[in-house]
Amino acid sequence: MSNQKLNIVDTTLRDGSHAVRHSFSVKQTSDIAARLEKCGLPIIEVSHGDGLGGSSYTYGFSKEDPFSLIEAAAKVVSRAKIAVLLLPGIGTISDMKHAKDCGASVVRVATHVTEADVSAQHINAAKQMGYMAVGFLMMVHMLEPEKIAEQAKKMESYGADYINLADSAGALLPDQVKARIEAVRAAVKIPVGFHAHNNLSLAVANSLSAIDAGASYIDATLRGLGAGAGNTQLEVLSGVLERKGIETGLDFYGLIDASEQVVAPIMLRPQVIDGGSLMLGYAGVYSSFLLHVYTAAEKFHLEPRDILVEVGKRKMIGGQEDLIIDVAYTLAKGKQRG
Amino acid sequence: MQQSGKIKVAVIGPGNIGSDLMYKILRSPVLEMALMTGIVESEGIRRAAGLGIPVSTEGVAAVVRNPEIKLAFDATSASAHEKFDAPALSKAGIVAIDLTPAAVGPYCVPCVNLEQLMHEPNVNMVTCGGQATIPIVHAVHSVAGVEYAEIVAAIASRSAGPGTRANMDEFTETTSRAIEVVGKAKKGKAIIVLNPAEPPINMTDTVMIRVSDTSVPFETIRDSILDIVSQVQLYVPGYRLRVPPQMDGDKVSVVVQVEGQGDFLPTFAGNLDIINAAAIATAERIARNMLKGGAKG
């Protein structure tokens, strides 16, 4: 455990956006952000699930203008910082400027774990604009700890204020999380964070493992709302950390109430580990693919499981939701021939 | 028609793109590789010299000094093209085929608008993703109108050079604009994904279009797309439909793939192959016009 204060980063209004098919309204956003502020969250992330510019055919269109949601969240907070996510190749510097005008002050620049160098342009620009910039590496289960450390060092050199490792497929086991956090901590001088998915029912356990290894920023969402089987459940993590005697400054009861009263009523489906999300973790597939896979399975009369396994074989990475149709079409054609 | 000789051309920028262009020019019936020029001694310069091609490390200065050169490919960077190469070439009356995102001249997608650009002093080749997808957008536009067109270009990490990596916004912004300007979509959006999988993936592009006129039968839209695909194949042999046109309400989607010709870069680098093949097709068309004009005059 490091001496650094532990910061819990809420991403209900970003990763959670996947679980509601990007349908958050201005009112829902204000309500959730206001509760999170009251419960002591230092950073609240608000974006389309795939970040700025994510509203599209490929990732799903946002029901409301994503920038109006950032603005709505920024209006109801005073202490908390509003964060946005940006994937180079999807969002642009001009989107970052727009988000800044709407009240965002943290930008998390996310790349696939081997592609950190595509973030240089955006991290540089973020620092020039006065943003707190986070280097966010996705799909960290796909690379060995030492190699992840090299990528993290690149992001540090571009000016990142902390490095966040994302287990985007929810595929890591606690000891693998520990090895990755330790390797990155040894390589960089800036703090390190962790973002879990619950596909193997290990999100809270993996978050604890990250904290033990010295992570000082942990992502979580109310009700666990998020892609795949969801993220680390914020109210659970808060209770667990209290039991462990780790100071978070969060209001445990307040979070339980927010989850029950504000988030539960707007959920489209229960955030459970169904067969599909279990397969994500097992096969190491990007969690945001899940709902797109269900849609494609229905259209082409296939088992979601078969599509997921093929997606894993093709080593498709975050952002390649468009090719789920290609996989489904190819599988369906193969079935017709057989 | 009888063609007398070839048009002498230069390549500025002896990197991956420039070297691949060189091999394509060496195969051309109407273009003659008269100069490879860079600003430092490099592997690309040595490679060209090894093939007996005149070389220089004086950049664009060496091009404009040679009165026989009529056409130059610029494979440097947007800022070099804008600040140095474009003004120098323009002054010397040499046609510039710009492969950088500078876009000093109009965007050129050969099967869509080359015929209108024959007398332009400077044409821009958009991006690899633009060359692969804008023909499809335009094909749909010509029969049903396009409200919105979105493309996703997936390319192998190993085929994305440091220039692309350091400036992802140039790709997304240039491609989106060209989808509107050349493809005629009312609104365009471009996304790029670098995939590090080994063995490397072929370049794959998905095109998703919201049509304006939903009364147009799907067969009409599909035939228009199939027709343009065969036109692109005339100058990009590795271009093919991976998933044929699908229609879902007012949305048409297509997946195309480009396998490179393996001239200098491996075949998975279809992204570099298609922009180069489009640049060569453009240069050859302009060169044929010059040769015809010369015969007349």
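Two strands count as paired if DSSP finds at least two bridges between them. In this predicted model, strand E1 of chain B (residues 7-12) and strand E2 of chain B (residues 31-37) meet that condition, with 6 bridges in the parallel sense. Along this pairing, Val11(B) stands opposite Met36(B), and Ile12(B) stands opposite Thr37(B). Between E1(B) and E2(B) the chain passes through helix H1 of chain B (residues 16-27), and this β-α-β crossover is right-handed. E2(B) itself is mostly covered, with 6 of its 7 residues buried.

E2(B) also pairs with strand E3 of chain B (residues 55-56), again in parallel, through 2 bridges. Here Met36(B) stands opposite Val55(B) of E3(B).

Chain B has another open sheet, made of 5 strands in the order E8-E7-E9-E11-E10, and its pairing is mixed. Its edge strands are E8(B) and E10(B), each of which pairs on one side only. From one strand to the next the twist averages 15 degrees. Within this sheet, E7(B) and E8(B) are parallel and share 9 bridges. One residue pair in this stretch is Val152(B) with its bridge partner Ile191(B) in E8(B). Helix H8 of chain B lies across E7(B) and E8(B), running at about 145 degrees to E8(B). Helix H9 of chain B (residues 218-233) also packs on the sheet, where it touches E10(B) and E11(B); its direction makes about 165 degrees with that of E10(B).

The next topic is the contact between the chains. It takes 27 residues from chain B and 24 residues from chain A. On the side of chain B, at least two residues each come from strand E7 (146-156), helix H7 (162-166), helix H8 (168-181), strand E8 (187-195), strand E9 (203-211), strand E10 (239-248) and strand E11 (251-258). Which element supplies the largest share of this side? It is E8(B), with 6 residues. E8(B) is also an edge strand of the 5-stranded sheet. By class, the side of chain B that touches chain A has 13 nonpolar, 7 polar and 7 charged residues.

Chain A can be described by its domains. It is divided into domain 1 (7-266) and domain 2 (288-337). Taken over C-alpha atoms, the centres of domain 1 and domain 2 of chain A are separated by 27 Å. Where these domains meet, domain 1 of chain A gives 15 residues to the contact and domain 2 of chain A gives 8 residues. The side of domain 1 of chain A that touches domain 2 of chain A divides into 6 nonpolar, 7 polar and 2 charged residues.

Terms used
Residues numbered from 1 in each chain as written. Chains lettered and ligands numbered in written order. Predicted model: local features only at pLDDT ≥ 70, side-chain atom pairs only at ≥ 80, totals over all residues. Buried ≥ 20, exposed ≤ 12 C-beta atoms within 10 Å, placed from the backbone. Helix = DSSP H or I, 4+ residues; strand = E, 2+ residues; numbered from the N terminus. Right-handed = clockwise from strand over helix to strand, strands pointing away. Contact = placed C-beta atoms within 7 Å. Nonpolar A, V, L, I, M, F, W, Y, C, P; charged D, E, K, R; others polar. Domains from an automatic or database assignment. Axes fitted to C-alpha atoms, helices over the stretch in contact; angles between N-to-C directions.
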